[in-house]
Amino acid sequence: MKVVKVLLWIIGVLALIFLILFFAAPTKMHIERTVVINAPPSTVWPHLVKFEEFNKWNPWYKMDPAAQHTLSGVDGTVGAASSWKGEKIGEGKLENTVLEPYTQVQQKLYFIKPWESTADCYFRLKEAQGMTTVAWGFDSEFPRPQNIMGLFMKGSLEKDYDSGLQELKKNAEAATVQ
């Protein structure tokens with residue numbers, strides 16, 4: 001009888017925590033990370049808009065080397081897209097929607113599996129003294145109860161963005177030297 005009471009208390013506490021998170025966790029997520037690259041925007045640009053280059057520093061590309069990747073459209077143009085399907089990274093597509101040369105890239109991210117959702121992604125470039133500051137951002141909405149998952153994903157995504165930007169910096173600066 002004592003075991004049943006303890007189990008009921010545990011279930012009750014977990015249900016209460018779930019309800020609190022369900023209503024308290026935000027339904028919108030915004031992430032933005034930046035890096036300063038010792039290269040002009042003209043050198044950084046192809047690493048952002050061409051998926052063939054983007055996938056060389058994209059942290060999720062490396063996460064699942066066995067995943068299938070497909071490029072559609074003319075790489076580096078509006079409408080070009082990179083699609084993927086993998087065990088670790090799920091299934092989705094990233095599409096260039098707006099390209100303002102050397103200043104801004106806007107993309108639409110479609111998650112298909114393990115759950116369906118969309119996000120708006122962007123890169124913003126600013127030049128100063130031959131260096132380029134790149135801001136990489138992500139905006140998405142997570143309906144309840146997915147908002148609970150979003151709460152726990154934010155820190156992980158920020159780390160992925162930071163590591164990706166460091167790889168971008170390394171690749172773009174190496175391209176400057178060549």
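1. Helices (H or I, at least four residues) and strands (E, at least two) are taken as DSSP runs and numbered from the N terminus. The model is predicted, so to speak of local features a pLDDT of at least 70 is needed, side-chain atom pairs count only at pLDDT 80 or more, and totals for chains, interfaces and linings use all residues. Residue numbers start from 1 along each chain as its sequence is written, and side-chain values use heavy atoms, with hydrogens and water left out.

2. The sheet. Two strands are said to pair if DSSP finds at least two bridges between them. On that basis seven strands make up an open, antiparallel sheet, ordered S1-S7-S6-S5-S4-S3-S2. Its edges are strand S1 (28-37) and strand S2 (68-72), each of which pairs on one side only. Ignoring direction, neighbouring strands are turned against each other by 15° on average. Axes here are lines fitted to C-alpha atoms, for helices over the stretch in contact, and angles run from 0 to 180 degrees between N-to-C directions.

3. A helix on the sheet. Helix H2 (residues 41-49) packs on the sheet and touches S1, S4, S5, S6 and S7, contact being heavy atoms within 4.5 Å. The direction of H2 makes about 170° with that of S6.

4. Strands of a sheet pair through backbone hydrogen bonds, either parallel or antiparallel. S1 and S7 run antiparallel and are joined by 10 bridges, with Lys28 opposite Glu141 in S7. S6 and S7, also antiparallel, are joined by 10 bridges; here Cys121 stands opposite Phe138 and Arg124 opposite Ala135. Between S5 and S6 there are eight bridges, again antiparallel, and Val105 faces Phe123 in S6 as its opposite residue. S4 and S5 pair over nine bridges in the antiparallel sense, and Glu95 has Lys108 of S5 opposite.

5. The hairpin from S5 to S6 passes through three residues. Pro114 lies in this loop between S5 and S6, and the peptide bond from Lys113 to Pro114 is cis, with omega near 15°. In the hairpin of S6 and S7 two residues separate the strands, and Gln129 takes a positive phi near 55°. Tyr102, in the loop between S4 and S5, is a residue other than glycine with a positive phi, near 65°. These residues may be worth a look in the viewer.

6. The largest pocket. On a 1 Å grid over the protein atoms alone, a cavity is a set of points where a 1.4 Å probe fits but cannot get out, whereas a pocket is an open set with protein on both sides within 12 Å along at least five of seven lines; lining residues have an atom within 4 Å of a point. Grid points are joined across faces, edges and corners, and a volume is the space filled by probe spheres set on the points. The largest pocket holds about 610 Å³ of space.

7. The lining. How many residues line the largest pocket? The number is 29, with Trp60, Trp84, Ile89, Leu109 and Phe111 nearest the centre. Elements that supply at least two lining residues each include helix H3 (51-57), helix H4 (59-63), strand S3 (81-86) and helix H5 (146-177). H5 gives the largest share, five residues. By class the lining has 18 nonpolar, seven polar and four charged residues, where Ala, Val, Leu, Ile, Met, Phe, Trp, Tyr, Cys and Pro count as nonpolar, Asp, Glu, Lys and Arg as charged, and the others, Gly among them, as polar.

8. Salt bridges. The criterion is a side-chain nitrogen of Lys or Arg within 4 Å of a carboxyl oxygen of Asp or Glu. A search of the whole structure gives eight. One of them joins Lys56 and Glu53, with the closest N and O atoms 3.1 Å apart. Both residues lie in helix H3, three residues apart, about one turn of the helix.
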